[in-house]
Amino acid sequence: ITETAMQEEPAKQQKEEQSQEQQEDEQKEGSTTSDEEKEKEEDTQSAVDVAPSESSIHTQLSKAESEISVDGPAIPCQWSVMKFRKPKAKAQSPKSKDTGVASATAARRACPPQLTSASIVPLKYADGQQAVCIFGGVVDTQPTSDVWIYNTEEKEKKWTCIQEGVEDEGDKSPRSLERKKLRQKNGYTGVFPPARCGHSAVNITSNEMLLFGGANICTANYFNDVWSWDIDMYMWNPITPTGVVPPPIPRWHATTVTLEDRMFVYAGESQGYVKLDDLHVYSHGETAWVSLRTVFPSPPARMMHGSCMVGDKMVTVGGVGISPLTDVWCLETRSLMWRQLKSRSKASPFLMGDGGMGALYGHVCVSWDDKVVVHGGKMQNGNLNTNMWLLDMRDEKWHPLTYEYDSANAAEQAMPPPHRWKHSSCSIVSTNTTKIMRNAAPLATMNLSDETEIGEYIQQQQAELEQQHAYSGLLLSSNTVPHVAATKSIVVFGGSGPHRRYNDLWRLTL
């Protein structure tokens, strides 16, 4: 993998993708659609630009991969596309001088554009409704600073776009009126982060998102700033960390995860194509970066890797380094000790179609309870990753994720998304603290079935937290009660395929 191949959105690749998209659009212009079909299409739109053809759907592992024994049996999964309702255009009066600009703007704001290297974070409104928030990314060749919100529980599925300097004065909904009150109370500033891509974002609380880093590929400007976003106020706040610990150097394509009120930042790439291997922690409660002690062994430098939290462990998979990376590392966030996971068989996300092993980068790494799901990405040989994998952290075994596809019943069956890389993904979970666990049992994460087991688990977790507070050599946890989370689904958005980019939203369930 050359340095040129590592550069995000090279101009040559962008021109080729744009020309291929134009050719596809010209071919579509010749097709005709009945008035009834057009009306139906206007009423309910899917964000999928191109439905995957049957030839692009892989119902099983490739021949080379199927001949190699795997750690564990295949696990079935289901895909469903998350649709939205497209707002109908307002009728224009005969005297209006609409040049088409307003209608074109409305069409663009009906759903996100085709985005790569954006971020997606699950958040909840004050009334408890679940939403996903998308920020930034690359549109064509330009980075953006727009925020897109999709409410997963609202009856009328739609996208909401939040742009700098643009206010929707026509929204008179109760939530909008409450938002205006909160803005007046908290002092709405209207500031937005600079446009960027390759950044990282996490939910630090149920309704608050933290943004870190990224880069503007047009100006070659790298960031190391921290911003917070409140979904109830639709408001950005720049954060100026206090304390004496300096922030990480500017970077993009790092990964961030959270544990309680702390955000872990790992690796990435800085100016001059320098791959990084450092680990940083930001305390949101203290509004400061936390000093860390160096612990060896540690993973080599990398970018475009995938990381997620499983319990209090951060799992990192693959990425691009100085040399090809085919490794998986686990960070114990309490002790800051790294450990490399060793697969017992050759089958893993790094297995290429020819049976060889190669680097995987530009993929997503998402947690599902005590498991890690790896989706998408590009292999070292330049091909897109066509398979999905699940790492069970209980026994540290890899399992292929498979889905069944019956072409005879294609109309009733949800097709899986086209293969892609540089996309975004997050887990939708239901979180319960130990104070209310008795009303939530049994939970998928713990498999707790009676009051005795729940009580024992609560005592064990509280004892561990007290021990962590008492031992100064560990990274101290914040003053919160233990909690467990049961995953409901994984959401996947956007990315780039072999010939075009995507703006579709998908739901994965196991």
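His 399 belongs to strand E28, which runs over residues 397–402, and with a relative accessible area of 8% it counts as buried. Please keep in mind throughout that what we are looking at is a predicted model.

On confidence, the mean pLDDT of the protein is 76, and 66% of its residues reach 70 or more. There are stretches where the pLDDT is below 50, among them residues 1–13, for which the model has 26 contacts beyond near neighbours in sequence. Residues 26–68 also have a pLDDT below 50, and that stretch has 61 contacts in the model, again beyond near neighbours in sequence.

Now to the interior. In soluble globular proteins, nonpolar side chains tend to be buried together. Here the largest nonpolar core has 19 residues, and those with the most contacts inside it are Val 315, Val 317, Val 328, Val 372, Val 374, Leu 391 and Met 393. The elements that each give two or more residues to this core are strands E19 (306–310), E20 (313–317), E21 (328–332), E25 (371–375) and E27 (388–392). A second, separate core of 18 residues includes Ala 131, Phe 192, Ala 201 and Tyr 234.

Thr 255, which lies in strand E15 (residues 255–259), counts as buried because its relative accessibility is 9%, where the limit is under 20%. Its side chain makes a polar contact of 3.0 Å with the side chain of His 305, and another, of 2.9 Å, with the side chain of Ser 307. Leaving aside neighbours within four places in sequence, Thr 255 is also in contact with residues including Ser 200, Phe 264, Val 265, Tyr 266 and Gly 306.

Next, a glycine in a loop. Gly 377 is found between E25 and strand E26 (378–379), and at 0% relative accessibility it counts as buried. The C-alpha atoms of Gly 377 and Tyr 361 are separated by 5.4 Å, although these residues are 16 apart along the chain. Beyond residues up to four places away in sequence, Gly 377 touches Leu 360, Tyr 361, Gly 362 and His 363, as well as Leu 384, Asn 385, Arg 420, Trp 421 and His 423.

Finally, helix H6, residues 174–186. Its 13 residues, at 1.5 Å a residue, should span 18 Å, and this agrees with the model, where the end C-alpha atoms are 18 Å apart. Which residues of H6 are buried? They include Ser 176, Arg 179 and Arg 183, and because these cover an arc of only 55° around the axis, they lie on the same side of H6. An α-helix has 3.6 residues a turn, so residues three or four places apart point the same way. The face of H6 turned away from the buried side carries the exposed residues Pro 174, Lys 181, Gln 184 and Lys 185. Just after the helix, Gly 187 takes a positive phi of about 80°.

Terms used: Residues are numbered from 1 along each chain as its sequence is written. Side-chain values use heavy atoms; hydrogens and water are left out. A nonpolar core is a set of buried Ala, Val, Leu, Ile, Met, Phe, Trp, Tyr and Cys residues joined through side-chain atoms within 4.5 Å. Buried means under 20% relative accessible area, exposed over 50%, partly exposed in between (1.4 Å probe, protein chains only). Helices (H or I, at least four residues) and strands (E, at least two) are DSSP runs, numbered from the N terminus. The expected span of a helix is 1.5 Å times one less than its number of residues. The arc is that of the directions from the helix axis to the C-beta atoms. pLDDT is the predictor's confidence in each residue, from 0 to 100. Contact means heavy atoms within 4.5 Å. A polar contact is a pair of N or O atoms within 3.5 Å; within protein, one must be able to donate a hydrogen and the other to accept it, and residues adjacent in sequence count only if both atoms are side-chain atoms.
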